[in-house]
Amino acid sequence: MKKTLNLRSLAAQTIEQVVEQGQSLSNVLPAVQQKVSDKDRALLQELCFGVLRTLPQLDWLVGKLMSRPMTGKQRTIHYLIMVGFYQLLYTRIPPHAALAETVEGAIAIKRQAFKGLINGVLRQFQRQQESLMAEAAKHESRFLHPSWLLQRLKKAYPESWEAIVDANNQRPPMWLRVNRQHHTREAWMALLAEAGLEGHIHPKYSDAVRLDAPAPVQALPGFEQGWVTVQDASAQGSVDLLDPQNGDTILDLCAAPGGKTTHILEAAPNAKVMAVDVDAQRLKRVNENLARLGMKAEVKQGDGRFPVQWCGDTKFDRILLDAPCSATGVIRRHPDIKWLRRDRDIAELVALQKEILDAIWPHLKSGGTLVYATCSILPDENKDQVSAFLASHADAKLVETGDEKRPGIQNLPAADDGDGFYYAKLIKS
């Protein structure tokens, strides 16, 4: 049995690590969840994701109800109060229980002296909730995005930026990828219905199924046997474009955690696949995913800017470059991205993408295919990047994905569709 811990204080400390220390929630949260019982893990996740999704609004409320901000060692109290606000606004937790547990959180982090303050602020919010939320609805914090990102979205998408922001603020749908080596998508959908679950096929991507409501993977027919994988529909689109064939030598560059590597092998089980990523820790996930599906690929740690170091003079028939990016297309899955990214990061990422693209192009065979993909919705990283590449590489031809005036396909996040994602398919002459 796991020792009973205060979930609100754990959530506050986790959020503080993300916002104040710049750590990724996907890195911090799993270790914290190991401390609590199985039944409490979902609530801990909900509190962390929820607060990070609505952070500007909660921060604005703290500012309205406290005369001065908590700083230094007391900063955790700031996030604990946010956790209290989130429960009162967005969960079905009874208000008295939310208040009591949040106040008790001060004891768990050895800040007993702040119990009265937390209790007072939360009760004051309850009394003024209607007027405060009416005022908040007129404030820029209602968009739940940092101002630098809002400005970029307004510039890139003057007609649709609000719809993008709204989509980013929603909970993501659960998309699956049916393993065509085991079943057709239609056959697996019949098994899904037998299991009492409902889903819809994607009209464009050949293996994608969206569940009507998220479900534990153990409830999915054949998950343990590798019949199906959790993967967003838009991410699946990059392998559809790559069109891998048996006998091809294929490079999946920036491959971790391996979702696209395994998709390539489902489409072409007799292809020779090399999966490369710079992050040794994340490469473990590639190996785990390959093992679950009973597949084999050559998995290597390597920097995409220096391919000679890990592939020598090898040339590939097909290359999937899922380039490092701002991840602004997957904010609904990873709300911490809004607070981990900075405006200055974009130019650095664009420079890195260019380096990798320029470095790997000589390793593509003549007549070969390269799919450049990102989970970004920012033009700098996508159509502008590909335009510049086409202008400087006479042997590169854009196919199936837009034209030279507007190169590539840009997916935007939508409630019943995939995440924000960009693809450009290039053929080498």
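Visitor: Which residues of α4 are buried?
Guide: This is a predicted model. In α4, the buried residues are Leu55, Pro56, Gln57, Leu58, Trp60, Leu61, Val62 and Leu65.

Visitor: How much of helix α4 is that, and what does it say about the helix?
Guide: Helix α4 covers residues 55-65, and eight of its eleven residues are buried, so the helix is largely enclosed by the rest of the structure.

Visitor: What do the buried residues of α4 pack against?
Guide: Their partners are α1 (7-21), α3 (38-53), α5 (75-90), α7 (115-136) and α15 (337-340).

Visitor: OK, cores. How many residues are in the largest nonpolar core?
Guide: That core has 48 residues. Leu44, Val51, Ile81, Phe85 and Ile118 have the most contacts inside it. At least two residues each come from α1, α2 (25-33), α3, α4, α5, α6 (95-108) and α7.

Visitor: Which helix supplies the largest share of this core?
Guide: α5 does, with nine residues.

Visitor: And what does Ile81 touch?
Guide: Setting aside residues up to four places away in sequence, Ile81 touches Val62, Met66, Ile118, Val121 and Leu122. Val62 is also one of the buried residues of α4.

Visitor: Switching to Asn168. Where is it found?
Guide: Asn168 is in helix α9, which runs over residues 161-168.

Visitor: Is Asn168 buried or exposed?
Guide: Asn168 counts as buried because its relative accessibility is 1%, and the cut-off for buried is under 20%.

Visitor: Which residues is Asn168 in contact with?
Guide: Leaving out neighbours within four places in sequence, the contacts of Asn168 are His145, Thr328, Ile331, Arg332 and Pro413.

Visitor: Now the whole protein. How many helices and strands are there?
Guide: The protein has 17 helices and twelve strands. Of its 429 residues, 53% count as buried.

Visitor: Last one, charges. How many positive and negative side chains are there?
Guide: There are 53 positive and 50 negative side chains, and the centres of the two sets lie 6 Å apart.

Technical notes:
Residues are numbered from 1 along each chain as its sequence is written. This is a predicted model: local features need pLDDT of at least 70, side-chain atom pairs count only at pLDDT 80 or more; totals for chains, interfaces and linings use all residues. Side-chain values use heavy atoms; hydrogens and water are left out. Helices (H or I, at least four residues) and strands (E, at least two) are DSSP runs, numbered from the N terminus. Buried means under 20% relative accessible area, exposed over 50%, partly exposed in between (1.4 Å probe, protein chains only). Lys and Arg count as positive and Asp and Glu as negative; His and the chain ends are not counted. The place of a charge is taken as NZ of Lys, CZ of Arg, CG of Asp or CD of Glu. Contact means heavy atoms within 4.5 Å. A nonpolar core is a set of buried Ala, Val, Leu, Ile, Met, Phe, Trp, Tyr and Cys residues joined through side-chain atoms within 4.5 Å.
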